[in-house]
Amino acid sequence: MNKIIQRLCIFFIGIPVVIGLVFLDFYHQLPLHIVICSFSCIGAWELYHIFSKNSQLPPLLLVLILNAMIPVSAYVCVFFALPFSYIQWVFAAGALIILGYNAFSSKTFEHSNTSAALSIFILFYTGYLITFISRMTIYNNSVYYISVFLFMVFICDSAAWFIGMLFGKNNRGFVAASPNKSIAGFIGGIAGSVLAAYAAQLLWPEVFTGGLWKPAVLGLLISASAITGDLVESVFKRCSGFKDSGTIMMGRGGVLDSIDSILYSAPVFYIALHFLYGVHIL
């Protein structure tokens with residue numbers, strides 16, 4: 001019962017607060033970017049501890065600094081209207097620094113390849129993927145795009161949990177990465193995202209234009225990527241024997257447990273905007 005109450009608090013209080021940040025449109029949505037950078041760094045910290053359970057990694061401070069540079073560079077690009085290719089340069093620079101540190105600091109080499117690969121992956125997963133939300137802030141209709149994206153992911157997760165709890169008792173365990181997930185839950189999550197996409201087109205037809213097939217495609221893409229993102233993070237945790245990535249989020253575990261679907265879905269939504277609604281990719 002306590003977990004249900006926590007889930008309801010997140011849905012009715014936490015989600016509106018997060019989406020409300022999107023509408024604080026000053027200094028190029030600075031409050032949203034602060035949250036993006038904070039969640040990116042905390043997520044990197046959690047993922048570092050998950051990976052370090054089985055592998056030796058470079059110093060935590062080095063990884064966190066290099067990770068933070070990526071979402072910060074995204075905001076700098078937004079604020080000064082710079083090309084987003086600079087974000088890739090910052091990510092590449094971070095990867096090169098990690099490789100160089102690995103080469104100069106290693107005394108034994110049985111963990112060197114794993115150490116470099118996992119550290120660079122942290123920069124990609126928690127640092128780079130989240131920048132696709134920052135990129136959307138430059139669009140004229142950015143508040144609608146980002147808020148709809150976040151709501152679609154949140155409703156997918158919430159609907160999957162709720163429907164799975166009601167109807168998933170006898171159809172769980174078909175995905176080893178997360179045995180508690182059920183077929184009913186997956187269907188509920190997909191339906192939630194599709195309905196959210198249709199609601200967006202109904203509320204803002206001048207933004208989400210076109211035929212009724214577009215929300216269906218968008219909903220399917222985001223629900224599939226959100227569900228996959230949740231399972232991907234489950235693999236990380238299971239490999240290292242973690243149940244949750246942390247304890248900072250009430251009823252959710254860690255920050256990474258809360259943003260795993262967002263990280264995986266953000267580039268999918270960003271690309272879908274281009275192909276479905278003609279939004280120019282920069």
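Predicted model: local features only at pLDDT ≥ 70, side-chain atom pairs only at ≥ 80, totals over all residues.
How are helix 2 and helix 10 oriented to each other?

1. Helix 2 (residues 30–51) packs with helix 10 (residues 255–277) at an angle of about 110°, and their axes are 9 Å apart. Angles of 65 to 115 degrees count as roughly perpendicular, and helix 2 and helix 10 are therefore roughly perpendicular to each other.

2. On the helix 2 side of this contact are Phe39, Ile42, Gly43, Glu46, Leu47 and Ile50, which meet Val255, Leu256 and Ile259 of helix 10. Sorted by class, the contact has seven nonpolar residues, one polar and one charged.

3. The model has 22 aromatic pairs. In one of them, the ring centres of Phe121 and Tyr125 are 5.5 Å apart and the planes are at 20°, so the pair is stacked. Both residues belong to helix 5 (residues 112–128), where they are four residues apart, about one turn of the helix. Phe121 is partly exposed, at 27% relative accessibility, whereas Tyr125 is buried, at 2%.

4. A further pair joins Phe208 and Tyr277: the ring centres are 5.4 Å apart and the planes are at 85°, so this pair is edge-to-face. Phe208 is in the loop between helix 8 (183–203) and helix 9 (213–240), while Tyr277 is in helix 10, so the pair ties together parts 69 residues apart in sequence. Phe208 is buried, with 1% relative accessibility, and Tyr277 is also buried, with a relative accessible area of 13%.

5. A charge and a ring also meet: the charged end of Arg135 sits over the ring of Phe132, at 4.3 Å from the ring centre.

Conventions. Residues numbered from 1 in each chain as written. Heavy atoms only, no water. Axes fitted to C-alpha atoms, helices over the stretch in contact; angles between N-to-C directions. Helix = DSSP H or I, 4+ residues; strand = E, 2+ residues; numbered from the N terminus. Parallel < 35°, antiparallel > 145°, perpendicular 65-115°, else oblique. Contact = heavy atoms within 4.5 Å. Nonpolar A, V, L, I, M, F, W, Y, C, P; charged D, E, K, R; others polar. Phe/Tyr/Trp six-rings, centres within 6.5 Å; stacked < 30°, edge-to-face > 60°. Buried < 20%, exposed > 50% of the residue type's maximum accessible area, 1.4 Å probe, protein only. Lys NZ or Arg CZ within 6 Å of the ring centre and 35° of its normal.
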